Amino acid sequence: METSCVEEASSVDSELQAPLHAAVALQRMGSGVSLVIDPAPEGGIEAESRKLASYRYKGVVPQPNGRWGAQIYERHQRVWLGTFGDEAEAARAYDVAAQRFRGRDAVTNFNPLSESNDEEAGELSFLEAHSKAEIVDMLRKHTYRDELQQSKRSCGAGGFAGKRTTPGYLRSSRVILFDKSVTPSDVSKLNRLVIPKQHAEKHFPLKSSSGMACKGVLLNVEDAGGKIWRFRYSYWSSSQSYVLTKGWSRFVKEKNLKARDVVSFWRSTGPEKQLYIDWRTEAVASNRMMTPAIRPLPVVKLFGVNISELPSVSGGDGKRGREMESFPS
């Protein structure tokens, strides 16, 4: 009886120590490596699932919640590409990152992009036109395909945006919608820009009947450098305000926006109705407001003739002739 109890206890101890040894081994494998993973509670089960890679696809690892993660290594450091609901979808995300990180030498799960195909050659140009960090950010936010299609539409049906030569911001005719002086809360960690109600309802109306006001919509906005920004635009019923949320903090960080700087929203006059965004610092905005407008000198006219330009010459016929020359034809 005692022997069986000892054997039972030893088997239980071995079962308890197995995940512990696996977790320790995983920590040793990751020593000196910067890991970028989804924020989730760490544990022995999750450590085991992260250690086991997909047998079907390269760069894909299963997650404890049944989803699939994608990752790629750059200079011996792991870059996390996000989590996906489908294993093949995660594999395609890895392929995108691999072709941006490693170019033609990339080993992919599916057929690599070819320059002989016009559609695939356009996607290769799109990858080259964006930095590695930008591509990774698109994959994590699941906006890569949307931004790729937006780039195609902005350059017409026949091609994609390649290296940013002449952005649509400069090519198309546009009209200003409104200016907004950002407040301290607009550039804080709240990650939102409040749109004045009168401008929001006029230029960015939401269809509340379909529930769109609650969920919001994605706005594709192009800056002066030709870069497409995707902002989530929605209505907050709690504060009764229209806001830009997702993507705004990234814009603030890249442009180094400060309180009282001014952002401007424009729209193209063409049929595509492309939105544009511009910004200027507080000093530049103040100079524009304080610079007096140059006004022309007052013109004094008598019977339609600018008498301030008439020479003071006496005489009958000569003077009349010069007056007649002053009349417009």
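A charge sits over a ring if NZ of Lys or CZ of Arg is within 6 Å of the ring centre and within 35 degrees of the ring normal. Keep in mind that the model is predicted.

**Stop 1: charges over rings**

Select Arg174 and Trp266. Arg174 lies over the face of Trp266, 4.4 Å from the ring centre. Now pick Phe101 and Lys132. The charged end of Lys132 sits over the Phe101 ring, at 5.2 Å from its centre.

**Stop 2: from Lys132 to Glu74**

Glu74 belongs to strand β2 (residues 68–74) and Lys132 to helix α5 (residues 132–141), so the pair ties together parts that are 58 residues apart in sequence.

**Stop 3**

How many salt bridges does a search of the whole structure find? The answer is 13.

Select Arg280 and Asp179. Their salt bridge has its closest N and O atoms 3.4 Å apart. Arg280 is in strand β10 (residues 275–280) and Asp179 in strand β4 (residues 174–181), so this pair ties together parts that are 101 residues apart in sequence. Arg280 counts as buried, at 16% relative accessibility. Asp179 is partly exposed, at 37%.

Next, pick Lys227 and Glu254. Their side chains meet in a salt bridge of 2.8 Å, N to O. Lys227 lies in the loop between β6 (217–222) and β7 (228–236), and Glu254 in helix α10 (residues 248–255), so the pair ties together parts that are 27 residues apart in sequence. Lys227 is buried, with a relative accessible area of 5%. Glu254 is partly exposed, at 43% relative accessibility. Glu134, Lys227 and Glu254 are linked in a network of salt bridges.

**Stop 4: a buried charge**

Select Asp95, in helix α3 (residues 87–102). Asp95 is buried, yet has no salt bridge. Which side chain of opposite charge is nearest to Asp95? That is Arg92, 7.6 Å away. Now show the backbone of Asn109. The side chain of Asp95 reaches the backbone nitrogen of Asn109 at 2.8 Å. Leaving aside neighbours within four places in sequence, Asp95 is in contact with Thr108, Asn109 and Phe110.

**Stop 5: aromatic pairs**

Time for the rings. A pair of aromatic rings is described by the distance of the centres and the angle of the planes. A search of the whole structure finds 13 aromatic pairs.

Select Trp229 and Phe231. Their rings are stacked: 6.4 Å centre to centre, with 10 degrees between the planes. Trp229 counts as buried, at 2% relative accessibility. Phe231 is buried too, with a relative accessible area of 0%.

Move on to Tyr233 and Tyr242. Why does this pair count as stacked? The ring centres are 6.2 Å apart and the planes of Tyr233 and Tyr242 stand at 20 degrees, so the pair is stacked; planes under 30 degrees apart count as stacked. Tyr233 is buried, at 1% relative accessibility. Tyr242 is buried, with a relative accessible area of 13%.

**Last stop: an aromatic cluster**

Conventions:
Residues numbered from 1 in each chain as written. Predicted model: local features only at pLDDT ≥ 70, side-chain atom pairs only at ≥ 80, totals over all residues. Heavy atoms only, no water. Phe/Tyr/Trp six-rings, centres within 6.5 Å; stacked < 30°, edge-to-face > 60°. Buried < 20%, exposed > 50% of the residue type's maximum accessible area, 1.4 Å probe, protein only. Salt bridge = Lys/Arg side-chain N within 4 Å of Asp/Glu carboxyl O. Helix = DSSP H or I, 4+ residues; strand = E, 2+ residues; numbered from the N terminus. Lys, Arg positive; Asp, Glu negative; His and termini not counted. Polar contact = N/O pair within 3.5 Å; in protein donor to acceptor, adjacent residues only side chain to side chain. Contact = heavy atoms within 4.5 Å.
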